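This report goes through one protein chain, from single residues to the fold as a whole. Please keep the sequence and the structure at hand while reading.

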Amino acid sequence: PYDIAVAEGHKDAELLKALATPEALRAAVTSGDKDSVEALLAAGMDPNSSTEGGSNLLNDAVKAGNADVVAALIAAGANVNSVDEDGDTALCKAADLGSKEMVALLLDNGADVNGRDRSGRTALHRAAKTPSLDVVSMLCERGADTKAKDNEGATPLHAGAAAGSVP
(Lines give C-alpha, C1' and ligand atoms only; values in the text may rest on other atoms or scores of the structure.)
Protein backbone atom coordinates (compact mmCIF):
# COMPACT_ATOMS: atom_id res chain seq x y z
CA PRO A 1 0.00 0.00 0.00
CA TYR A 2 2.78 2.47 0.86
CA ASP A 3 4.53 1.92 -2.47
CA ILE A 4 1.29 2.62 -4.33
CA ALA A 5 0.63 5.80 -2.34
CA VAL A 6 4.13 7.11 -3.06
CA ALA A 7 3.93 6.14 -6.74
CA GLU A 8 0.66 8.03 -7.03
CA GLY A 9 2.24 11.10 -5.46
CA HIS A 10 0.35 11.06 -2.16
CA LYS A 11 2.27 13.22 0.28
CA ASP A 12 -0.37 13.36 3.03
CA ALA A 13 1.56 12.78 6.26
CA GLU A 14 -1.28 10.91 7.98
CA LEU A 15 -1.75 8.57 5.03
CA LEU A 16 1.97 7.88 4.79
CA LYS A 17 2.15 7.30 8.53
CA ALA A 18 -0.69 4.78 8.33
CA LEU A 19 1.02 2.90 5.51
CA ALA A 20 4.53 3.04 6.96
CA THR A 21 5.69 -0.39 8.08
CA PRO A 22 9.11 -1.81 8.91
CA GLU A 23 8.79 -4.03 5.84
CA ALA A 24 8.14 -1.01 3.59
CA LEU A 25 11.18 0.78 5.00
CA ARG A 26 13.42 -2.26 4.59
CA ALA A 27 12.21 -2.72 1.00
CA ALA A 28 12.93 0.94 0.22
CA VAL A 29 16.40 0.67 1.79
CA THR A 30 17.41 -2.51 -0.04
CA SER A 31 16.07 -1.25 -3.36
CA GLY A 32 17.92 2.06 -3.02
CA ASP A 33 14.75 4.17 -3.11
CA LYS A 34 16.04 7.26 -1.27
CA ASP A 35 12.83 9.25 -1.69
CA SER A 36 10.73 6.51 -0.11
CA VAL A 37 13.29 6.02 2.66
CA GLU A 38 13.16 9.73 3.48
CA ALA A 39 9.34 9.78 3.37
CA LEU A 40 9.07 6.76 5.66
CA LEU A 41 11.59 8.20 8.09
CA ALA A 42 9.69 11.51 8.07
CA ALA A 43 6.53 9.52 8.85
CA GLY A 44 8.17 8.33 12.04
CA MET A 45 9.89 5.09 11.13
CA ASP A 46 12.97 4.21 13.22
CA PRO A 47 16.29 4.37 11.31
CA ASN A 48 17.74 1.95 13.88
CA SER A 49 15.15 -0.77 13.49
CA SER A 50 16.25 -4.33 12.85
CA THR A 51 14.63 -7.55 11.76
CA GLU A 52 13.94 -10.46 14.09
CA GLY A 53 17.12 -12.02 12.68
CA GLY A 54 19.15 -8.97 13.69
CA SER A 55 19.81 -7.33 10.32
CA ASN A 56 19.83 -3.53 10.58
CA LEU A 57 18.88 -0.93 8.01
CA LEU A 58 22.24 0.84 7.83
CA ASN A 59 24.14 -2.37 7.14
CA ASP A 60 21.50 -3.37 4.58
CA ALA A 61 21.97 -0.02 2.81
CA VAL A 62 25.75 -0.45 2.81
CA LYS A 63 25.44 -3.99 1.42
CA ALA A 64 23.17 -2.60 -1.31
CA GLY A 65 25.91 -0.10 -2.15
CA ASN A 66 23.69 2.99 -2.01
CA ALA A 67 25.49 5.93 -0.39
CA ASP A 68 22.45 8.23 -0.76
CA VAL A 69 20.31 5.87 1.33
CA VAL A 70 23.15 5.46 3.87
CA ALA A 71 23.34 9.26 4.15
CA ALA A 72 19.55 9.53 4.59
CA LEU A 73 19.58 6.94 7.38
CA ILE A 74 22.49 8.67 9.12
CA ALA A 75 20.74 12.06 8.82
CA ALA A 76 17.69 10.50 10.50
CA GLY A 77 19.81 9.26 13.41
CA ALA A 78 20.98 5.78 12.44
CA ASN A 79 23.69 4.50 14.77
CA VAL A 80 26.82 4.23 12.60
CA ASN A 81 28.42 1.83 15.07
CA SER A 82 25.58 -0.65 15.44
CA VAL A 83 26.23 -4.29 14.61
CA ASP A 84 24.09 -6.71 12.65
CA GLU A 85 23.27 -10.38 13.17
CA ASP A 86 26.73 -11.35 11.91
CA GLY A 87 28.44 -9.00 14.37
CA ASP A 88 29.45 -6.67 11.54
CA THR A 89 29.51 -2.88 11.63
CA ALA A 90 28.51 -0.85 8.60
CA LEU A 91 32.16 0.24 8.28
CA CYS A 92 33.31 -3.38 8.09
CA LYS A 93 30.74 -4.06 5.36
CA ALA A 94 31.85 -0.95 3.44
CA ALA A 95 35.47 -2.09 3.75
CA ASP A 96 34.48 -5.50 2.33
CA LEU A 97 33.05 -3.72 -0.70
CA GLY A 98 36.19 -1.61 -1.13
CA SER A 99 33.93 1.45 -1.30
CA LYS A 100 35.99 4.56 -0.58
CA GLU A 101 32.86 6.76 -0.78
CA MET A 102 30.94 4.64 1.72
CA VAL A 103 33.91 4.31 4.11
CA ALA A 104 34.43 8.10 4.05
CA LEU A 105 30.73 8.76 4.63
CA LEU A 106 30.65 6.47 7.66
CA LEU A 107 33.90 7.80 9.13
CA ASP A 108 32.80 11.41 8.58
CA ASN A 109 29.70 10.60 10.61
CA GLY A 110 31.40 9.04 13.60
CA ALA A 111 32.00 5.39 12.72
CA ASP A 112 34.65 3.85 14.97
CA VAL A 113 37.64 3.24 12.70
CA ASN A 114 38.78 0.45 15.05
CA GLY A 115 35.38 -1.11 15.66
CA ARG A 116 35.51 -4.91 15.53
CA ASP A 117 33.34 -7.67 14.15
CA ARG A 118 32.52 -10.86 16.02
CA SER A 119 35.88 -12.36 14.97
CA GLY A 120 37.80 -9.37 16.28
CA ARG A 121 38.59 -8.04 12.79
CA THR A 122 38.57 -4.31 12.16
CA ALA A 123 37.59 -2.58 8.93
CA LEU A 124 41.32 -2.47 8.13
CA HIS A 125 41.59 -6.27 8.42
CA ARG A 126 38.70 -6.56 5.99
CA ALA A 127 39.85 -3.85 3.57
CA ALA A 128 43.29 -5.48 3.44
CA LYS A 129 41.63 -8.51 1.83
CA THR A 130 40.34 -6.40 -1.08
CA PRO A 131 42.23 -4.86 -3.98
CA SER A 132 41.20 -1.37 -2.79
CA LEU A 133 44.38 0.33 -1.61
CA ASP A 134 42.47 3.63 -1.45
CA VAL A 135 40.28 2.25 1.34
CA VAL A 136 43.28 0.79 3.19
CA SER A 137 45.08 4.15 2.94
CA MET A 138 42.02 6.10 4.09
CA LEU A 139 41.52 3.86 7.12
CA CYS A 140 45.19 4.24 8.07
CA GLU A 141 45.03 8.03 7.62
CA ARG A 142 41.93 8.11 9.87
CA GLY A 143 43.68 6.28 12.69
CA ALA A 144 43.12 2.57 12.08
CA ASP A 145 45.31 0.42 14.29
CA THR A 146 47.66 -1.33 11.86
CA LYS A 147 48.78 -3.72 14.59
CA ALA A 148 45.30 -4.74 15.79
CA LYS A 149 45.01 -8.49 16.24
CA ASP A 150 41.83 -10.43 15.56
CA ASN A 151 40.63 -13.35 17.70
CA GLU A 152 43.15 -15.62 15.95
CA GLY A 153 46.05 -13.22 16.46
CA ALA A 154 46.20 -12.01 12.85
CA THR A 155 46.95 -8.37 12.03
CA PRO A 156 45.63 -6.53 8.95
CA LEU A 157 48.94 -7.30 7.23
CA HIS A 158 48.40 -11.00 7.88
CA ALA A 159 44.86 -10.73 6.51
CA GLY A 160 46.08 -9.01 3.34
CA ALA A 161 48.90 -11.50 2.81
CA ALA A 162 46.55 -14.46 3.30
CA ALA A 163 44.19 -13.01 0.70
CA GLY A 164 47.02 -12.36 -1.76
CA SER A 165 46.55 -8.60 -1.54
CA VAL A 166 50.08 -7.97 -0.21
CA PRO A 167 53.02 -8.80 -2.46
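Does Ser137 count as buried, partly exposed or exposed, and what is its relative accessibility? The structure is a predicted model. In this model Ser137 counts as partly exposed, because its relative accessibility is 36%, and the residue is found in helix H10, residues 133-141. The C-alpha atom of Ser137 is separated by 9.8 Å from that of Lys100, a residue 37 places away along the chain.

**Overall fold**

The protein chain holds 11 helices and zero strands. Read from the N terminus, the order of elements is α-α-α-α-α-α-α-α-α-α-α. The chain has 167 residues, and 47% of them count as buried. If contacts between residues at least 6 apart in sequence are taken, 63% join residues at least 24 apart. The accessible surface of the chain comes to about 8200 Å², and carbon and sulfur atoms account for 49% of that area.

**Helix H5**

Helix H5 covers residues 57-64 and is largely enclosed by the rest of the structure, because six of its eight residues are buried. The buried residues are Leu57, Leu58, Asn59, Asp60, Ala61 and Val62. Their cover includes helix H3 (22-31), H6, H7 and helix H8 (100-108).

Both ends of H5 have a local feature to check. At the start of the helix, a side-chain oxygen of Asn56 comes to within 3.2 Å of the backbone nitrogen of Leu58. Just after the helix, Gly65 has a positive phi of about 75°.

**Asp88 and Ser82 in the loop between H6 and H7**

Asp88 is found in the loop that runs between helix H6 (67-75) and helix H7 (90-97). Ser82 lies in the loop between H6 and H7 as well. Asp88 has a relative accessible area of 8% and is therefore buried. Ser82 also counts as buried, because its relative accessibility of 18% is under the 20% cut-off.

| Residue | Partner | Distance |
|---|---|---|
| Asp88 side chain | Lys93 side chain | 3.0 Å |
| Asp88 side chain | Arg126 side chain | 2.7 Å |
| Ser82 side chain | Asn56 side chain | 3.3 Å |

Which residues surround Asp88, leaving aside its neighbours within four places in sequence? Asp88 is in contact with Asn59, Ser82, Val83, Lys93, Asp117 and Arg126. Ser82, not counting residues up to four places away in sequence, touches Asn56, Asn59, Asp88, Thr89 and Ala90.

**Cysteines**

How many disulfides does a search of the whole structure find? The search finds zero. Cys92 counts as buried because its relative accessibility is 1%, whereas Cys140, at 34% relative accessibility, counts as partly exposed.

Key
Residues numbered from 1 in each chain as written. Predicted model: local features only at pLDDT ≥ 70, side-chain atom pairs only at ≥ 80, totals over all residues. Heavy atoms only, no water. Helix = DSSP H or I, 4+ residues; strand = E, 2+ residues; numbered from the N terminus. Buried < 20%, exposed > 50% of the residue type's maximum accessible area, 1.4 Å probe, protein only. Polar contact = N/O pair within 3.5 Å; in protein donor to acceptor, adjacent residues only side chain to side chain. Contact = heavy atoms within 4.5 Å. Areas by Shrake-Rupley, 256 points an atom, 1.4 Å probe, with all protein chains shown as cover. Disulfide = S-S within 2.5 Å.
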